[in-house]
Every structure is written in C-alpha cells, then in structure tokens.
Amino acid sequence: IQGVSLSPMSGNVLNLANVSVVRGGKTILGPISWSVSEGERWVVLGPNGAGKTTLFALASAQIHPTSGSVEILGERMGAVDVFELRPRIGIVGTYISTALPDEEMVIDVVLTGAYAILGRWQEAYELWDESRAVALLTTMGVRELAERKYFTLSDGEKKRVLIARSLMANPELVLLDEPAAGLDLGGREDLLKRFDALSDDPYAPVTLIITHHIEEIPKSTTHVLLLKNGGIVASGPISQVLTEVNLSAAYDQDFVLQTIDGRYTAIAK
C-alpha cells in the first residue's frame, strides 16, 4: 500500500484438516480439508446455508471446530492463546461494525485495530500508530472522515474505515465478509480497484473474501472455494475452478458464466 509499510510473511497461512462444526446435533460445516498458502487471494462462494459464515468464524479464530484440526498462521486452535493470535488477523465483518461504540471516532476505530479490540479504553498509542492510521484512511480514500463519529458514516464509508482498521496491526491474513455489500455501483468498483492495488504490494497479506455475488470478485483473486451444504464443491485456482459446471453444481441451477477483463458475471440459463 502506498505510504504504508507491510511486512513479509512466510509459511502456511491456513490449514483445515478433516474439520467439522456441529450445532444442535446438526453438522453445519464439514467434514472439509482445505489449505491457504502465502501469496494467495481467495474468494469463497456458495448459497445461503453453505457454511461460509462458519468457515469465516473458524478462519478468524472466533470459534473452535467440533472435530478435526485448524491451524492459523502456524498455530493450532486449542493449543494457542487466541488473544495473541487475533491481532495477526485483520477482519472486516458486520459483527465488528455493530459492536463498535456509537460515539467512537473514526480515527479510534482504526487505531484500536492494533490491539484487535472494540472501543478505545486506557491503551496508549504512539505518534507512529496515529500516522499509520491516517495513512490507511488515506489509502482507502476516507482520510477526511478521521474526526467523524463512526455511526454517522454511510455504509460505503464504514466499509472503507473497517478495511483500514483490518490492516492496522500489519496482519498476515485479512478476512472480509461481503465487503462490497450495500455499496452502489460506483462505490463497489472503487473498492475493488483498491483491493487490486493492495495486491500489487509483494508484502500484502493473504486475503479471504466471502461474497454472494461473483461480480464482486476482485481481478487480483487467485483462488476460489465453492461451498454447498457445508461441504466443498470445488477448490483451487480461480481460472480452473470457477466454471459454469462448478457454479451450477453449487447453486443447483444452470448458469452462463462470462469473463470480461478479469471480472466475472453469471446469468441463469
């Protein structure tokens, strides 16, 4: 990111081995095995109830699997202090936005991302932290909002602030749950361009985007995971896996898939 220093990462980023999540006696995810390596940028697709949200919770160290093994950034869930692990993971999700204090200033929303906490308390920040927060807001095109209260922002402005926040701790993995949801066409396209610009940095974190719409897949995406009924339909390089056959199998409907300048669209047959 221009004006923001990121750190190189190494090793396996995410590894799920024979993982299942059971709630109320029902298996809502799994068993699945799936891995993410450094340098990859994933998108997760699938119909409602496919298990996308559960996968997001696992990958962000918010929940533990019922069975199987989850390793995040080389640390195995159940054998690591998640409060030390979570600052290494940047998260953009609705639950973060709704959990922020109503009166929180935008600059503090970003700053508190350094400690993966919600709300400014007694923690101290250095001038470098404040400079980084401002640089991230600038990168996302919302520097002028720094002194605004978060709850006064539009949906599009909130998304940009949350993405800046997710990068504050210089994470090795960034998880984005429907980052373009609720944005108008112009806002969506601008946001996707910023994702592509981020991917140009060789030290940029691995990203995992969950979306309902393939039109929201950034051009820089390298891999795709298709889920259905808690299981994997297909997984791998996006150019090989995002096909009409796989998309139709995931959604139980026949689609015509088109690609224009690295972007995807689909319509029902």
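These legends go with a few close-up views of a predicted model.

**View A. The open sheet, strand by strand.** Six strands line up here as β6-β7-β8-β3-β9-β10, with mixed pairing. At the edges sit β6 and β10 (231–237), and each has just a single partner strand, so one side of each goes without a neighbour in the sheet. Going from one strand to the next, the twist averages 15°.

**View B. Zooming in on β9 and β10.** Strand β9 (residues 223–228) runs antiparallel to β10, and 6 bridges join the two.

View C. Helix α6 touches β6 and β7 (173–177), and its direction makes about 170° with that of β6. Helix α9 (residues 244–251) packs on the sheet too, touching β3 (41–45), β9 and β10. The direction of α9 makes about 30° with that of β9.

**View D. Inside the largest pocket.** This pocket holds about 310 Å³ of space. Its lining takes in 17 residues, and the closest to the centre are Arg86, Ile91, Ile96, Ala116 and Arg165. Elements giving two or more residues to the lining are β6 (89–92), α3 (94–99) and α6 (155–166), with β6 supplying the largest share, 3 residues. By type, the lining splits into 11 nonpolar, 4 polar and 2 charged residues.

**View E. Helix α1, tucked in.** Of the 8 residues in α1 (residues 52–59), 7 are buried, so the helix is largely enclosed by the rest of the structure. The buried ones are Lys52, Thr54, Leu55, Phe56, Ala57, Leu58 and Ala59. After the helix comes Ala61, which has a positive phi, near 60°.

Conventions:
Residues numbered from 1 in each chain as written. Predicted model: local features only at pLDDT ≥ 70, side-chain atom pairs only at ≥ 80, totals over all residues. Heavy atoms only, no water. Buried < 20%, exposed > 50% of the residue type's maximum accessible area, 1.4 Å probe, protein only. Helix = DSSP H or I, 4+ residues; strand = E, 2+ residues; numbered from the N terminus. 1 Å grid on protein atoms, 1.4 Å probe; cavity = no way out; pocket = protein on both sides within 12 Å on 5 of 7 lines; lining within 4 Å. Points joined across faces, edges and corners; volume = space filled by probe spheres on them. Nonpolar A, V, L, I, M, F, W, Y, C, P; charged D, E, K, R; others polar. Pairing = 2+ DSSP bridges. Axes fitted to C-alpha atoms, helices over the stretch in contact; angles between N-to-C directions. Contact = heavy atoms within 4.5 Å.
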